[in-house]
Amino acid sequence: MTSRIRIRLAAATALLLAAAAAWLAFGTTKASALDGDRATTADELLTNVITDVDTYWTKQFADAGLPEPRVSYQWVPTGQAAEYHPDDDTIYVSEEFATAIYNGALDQALPGSSQGYGSAAGDFAVAYIVAHEYGHQVQDELGLFERGIPTKNLELQADCYAGAWAKSADQANRLDPGDVDEAIEAALAVGDFNTSNPGHHGTPEERSNAWQTGFQADGPAACNAFIQS
Ligand SMILES: [Zn+2]
C-alpha cells in the first residue's frame, strides 16, 4: 500500500507580485534551509524542504519495515496557508503564506506571537511548518487518525516529528546558524491559549517543547509520548 502526497504550492497571482520582491534577495542575502540547496524562490525552498523531509521519513519507514511514503508535486493556485488533508493525502502550502513567514510579514500576527510568544521569520520557520504538515501524513499512514486521539496530542506529535527531522538535517551538517532558533521561535509563535477549543493545538510552550523533544531525541519513536495519556 503506497499513499501519495501531492504537495500543492500556490502560484497565486496578484498577491504574490509584492511578495516576489522579497524572494529576489533570498539567494544572496540569506542562506536557505538545508545547506547546499540554496533556494532562490519559494518553490525551491519548499521543494528542498519537502524532499529532505520525505527522504528522512522514507528511511524511517524502511527501517521499521513499513511501505515507503511517496511524494509527488503539483503547483496549483490556492489561497490556503498550510494544512494537511487526510482525505486526499495532500499537504497544502501556499507560496504566499510561506513567503509571509519567511520575510517576517506574519511575525507578530500569529496566535502566540501576537501575545508576545516567539516570532515567525526565516527559512527554518517555513521548514518547521512544512515538516509539521508532513508529520500529519506520517500519522495518517500509521493509522493514528482512527484511534480517537485528541487533536492537541496529534499536533504536538507532529511538532515533535518536525524536530526529529530537523535533528537528522543537523547531524548531516545541513542546518545554518540560527535555524534551530527559527524553528523554536516559530513553534512558540503558532501556539495558542484557546485551551477550551477542541481544535486547540497546544500552547506556545507546549509546541516549542514538543519540537525540542524531537530535536533532542534519538529518532521519532520518542514522539509517541505525545499520544500516550
Ligand atoms: Zn497540525
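Visitor: Which residues of helix 3 are buried?
Guide: The buried ones are Ala42, Leu45, Leu46, Asn48, Val49, Ile50, Asp52, Val53, Tyr56 and Trp57. A residue is buried if 20 or more other C-beta atoms lie within 10 Å of its own, exposed if 12 or fewer, and partly exposed in between, with C-beta atoms placed from the backbone. Helices (H or I, at least four residues) and strands (E, at least two) are DSSP runs, numbered from the N terminus.

Visitor: And what kind of model is this?
Guide: A predicted model: local features need pLDDT of at least 70, side-chain atom pairs count only at pLDDT 80 or more, and totals for chains, interfaces and linings use all residues. Residues are numbered from 1 along each chain as its sequence is written.

Visitor: Back to helix 3. Is Thr55 buried or partly exposed?
Guide: Thr55, which sits in helix 3 (residues 42-63), counts as partly exposed because it has 14 C-beta neighbours inside 10 Å.

Visitor: What span should helix 3 have?
Guide: At 1.5 Å a residue, its 22 residues should span 32 Å, and the end C-alpha atoms are 32 Å apart, which agrees. The expected span is 1.5 Å times one less than the number of residues. Just after helix 3, Gly65 has a positive phi of about 75°.

Visitor: How many residues of helix 4 are buried?
Guide: In helix 4 (residues 95-102), 8 of 8 are buried, including Phe97, Ile101 and Tyr102. Gly104 follows helix 4 with a positive phi, near 85°.

Visitor: New topic. How do helix 5 and helix 7 cross?
Guide: The axes of helix 5 (residues 123-141) and helix 7 (residues 179-190) come within 7 Å and cross at roughly 60°. The two are therefore oblique to each other (under 35 degrees is roughly parallel, over 145 roughly antiparallel, 65 to 115 roughly perpendicular, and the rest oblique). Axes are lines fitted to C-alpha atoms, for helices over the stretch in contact, and angles run from 0 to 180 degrees between N-to-C directions.

Visitor: Which residues meet there?
Guide: Phe124, Ala125, Tyr128 and Ile129 in helix 5 meet Asp179, Glu182, Ala183, Ala186 and Ala187 in helix 7. Contact here is C-beta atoms, placed from the backbone, within 7 Å.

Visitor: And the whole protein: how many helices and strands?
Guide: There are 8 helices and 4 strands, running β-α-α-α-β-β-β-α-α-α-α-α from the N terminus. Of the 229 residues, 45% count as buried.

Methods. Two residues are in contact if their C-beta atoms, placed from the backbone, lie within 7 Å.
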